[in-house]
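Here is a brief report on selected local features of one chain. Please keep the sequence and the model open while reading.

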Amino acid sequence: MAEAMSPRDAAAAIAARLEAAGHTAYFAGGCVRDELLGLHPADHDVATQATPDQIREIFPKARGVGEHFGVMLVRHGGRTVEVATFRGEGSYQDGRRPTQVTFADEVTDALRRDFTINGLFMHPASGRVIDHVGGRADLEARLLRAIGDPDARLEEDRLRLLRAVRFAARFDLSIDPATLAAVRRHAPELRGVSRERVGHEIRRMLAHAGRSAAVSLIEAQGLAPATLLEPEAAFEPRRIASLPGSASIACSLASWMLDRALPQSWAQRLERWTEALVLSNQERDGVAAALTALDALRHDWPGMGVAQRKRLAASGGFADALAILQAEAPGAAGEIRGDLVPLEASGLAPPPLLDGHELQRLGLQPGPAFRRILDAVYDAQLEGRVRTLDEARGWALRVHADPR
Ligand code: ATP
Ligand code: MG
């Protein structure tokens, strides 16, 4: 099979077919913004004046997704492209999805979008930018600005409070004063947004190297209580600002939690955050593992033996914990990194020499003691006191004879 077209070429070819049939068709929204910023958009969306029925005349296999919103999925060149009919948006229900849409002209479609930088169109074949909202000048001035009246736009869909933060942080934009003032005014209303949508926005912010800017904006603009379901707190982006760009979501969440000082234990707070952001089990466990390992690194590492250190260094939360400690106490983290070199050289988590079958072959009766014996033998293996299967067997028999 021929290689798939690039998403851009596929979207451009679809737009060209629509245009050949007499319909205006543009790249729209995020992909235009990204191209103008010199970035590579993940996907190219097409906006057109053709109605869903007209789109289907040209692309009989087009599938409607929320067809009453006027969005069709068109396959071309091995890609699936979103093709949306120009629309205005009807009245909103509780700051969420519009209850109805009406098909409209391109100006109306640009004006219904959230921020000027997201309201641009581009003619795919010529690269001409169609700007009904002043988005181009704002992009050049690196300014995030609501389209139209900021209060009205934020009230229509309160998730835009977080979208404003995400785009400002991701593209390093300042927020236009009127838009920023409206964000502050409406911040408490974020509580009306579904926790899933809030969690999704937060994940997208934390997955990006701009996470520290995003979190700092959330804290500074009074959005944190409604985001995290916690009180206002003293916040200083100490840890989150020094994470590597590639830090995991769990590591970012753990850092944020420590950077906003509250008296409760992290375990209690993690329950709240799990609810507030609808964290998956994996995310929640990842935060808990990082914070558990961090406690051990801060307090116990100097007194740990080789086996204990190796077990900790091989545990799930260790890398995240060390990244956080690096931000907190670079000296201590540096020493631990030094301690790790010989531990890694001799293997942090080698396959165990002995297992339960082997103990049975030695004539031992299976039971609760097995776990203790195997742990003791594995500790000896990690410490280099036991190197061969024979030595491991001998060690097991000695532990068995002298349990302590
Ligand atoms: P990303 O690169 O993060 O996907 P994006 O701008 O493409 O950013 P999407 O959520 O994919 O964001 O939405 C595509 C376009 O649809 C946006 O650029 C914007 O024009 C419009 N849009 C999306 N969500 C909203 C919203 N909540 N309110 C108004 N317009 C929106
Ligand atoms: Mg997008």
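The model is a predicted one. Val278 sits in the loop that joins helix 13 to helix 14. Its position is just after helix 13. Val278 is not a glycine, yet its phi is positive, at about 50°.

Most residues other than glycine have a negative phi. Leu229 is another case: it is not a glycine and has a positive phi of about 55°. Leu229 belongs to the loop between helix 11 and strand 12 (234-235). Is Leu229 buried or exposed? Its relative accessibility is 16%, so Leu229 counts as buried. The cut-off for buried is under 20% relative accessible area.

Helix 13 covers residues 266-277, which makes 12 residues. The expected span is 1.5 Å times one less than the number of residues.

Which residues of helix 13 are buried? They are Arg269, Leu270, Trp273, Thr274, Ala276 and Leu277. These residues cover an arc of only 165° around the axis, so they lie on the same side of helix 13. Several elements cover the buried residues of helix 13. Among them are helix 9 (195-206), helix 11 (224-228) and helix 12 (249-259). Strand 13 (260-261) and helix 14 (281-299) are also included.

How many aromatic pairs does the structure hold? It holds seven. One of them joins Phe167 and Phe171. This pair is stacked, with 6.4 Å centre to centre and 5° between the planes. For stacking, the planes must be under 30 degrees apart.

Both partners can be checked for burial. Phe167 has 3% relative accessibility, so it counts as buried. Phe171 has a relative accessible area of 4%, so Phe171 is buried.

Elsewhere, ring pairs link three residues into a cluster: Tyr26, Phe86 and Phe121.

Where does Ala187 lie? Ala187 is in the loop between helix 8 (177-186) and helix 9. Its relative accessible area is 2%, so Ala187 is buried.

Neighbours within four places in sequence are left aside here. Ala187 is then in contact with Leu161, Gln221, Gly222, Leu223 and Ala226. Gly135 gives a separate distance: Ala187 and Gly135 are 52 residues apart in sequence. In space, they are 24 Å apart, C-alpha to C-alpha.

## Domains

The chain is divided into domain 1 (1-141), domain 2 (288-345) and domain 3 (356-401). The centres of domain 2 and domain 3, taken over C-alpha atoms, are separated by 27 Å. How many residues does each of these domains give to the contact? Domain 2 gives four residues, and domain 3 gives five residues.

Definitions and conventions
Residues numbered from 1 in each chain as written. Chains lettered and ligands numbered in written order. Predicted model: local features only at pLDDT ≥ 70, side-chain atom pairs only at ≥ 80, totals over all residues. Heavy atoms only, no water. Phe/Tyr/Trp six-rings, centres within 6.5 Å; stacked < 30°, edge-to-face > 60°. Buried < 20%, exposed > 50% of the residue type's maximum accessible area, 1.4 Å probe, protein only. Helix = DSSP H or I, 4+ residues; strand = E, 2+ residues; numbered from the N terminus. Arc of directions from axis to C-beta. Contact = heavy atoms within 4.5 Å. Domains from an automatic or database assignment.
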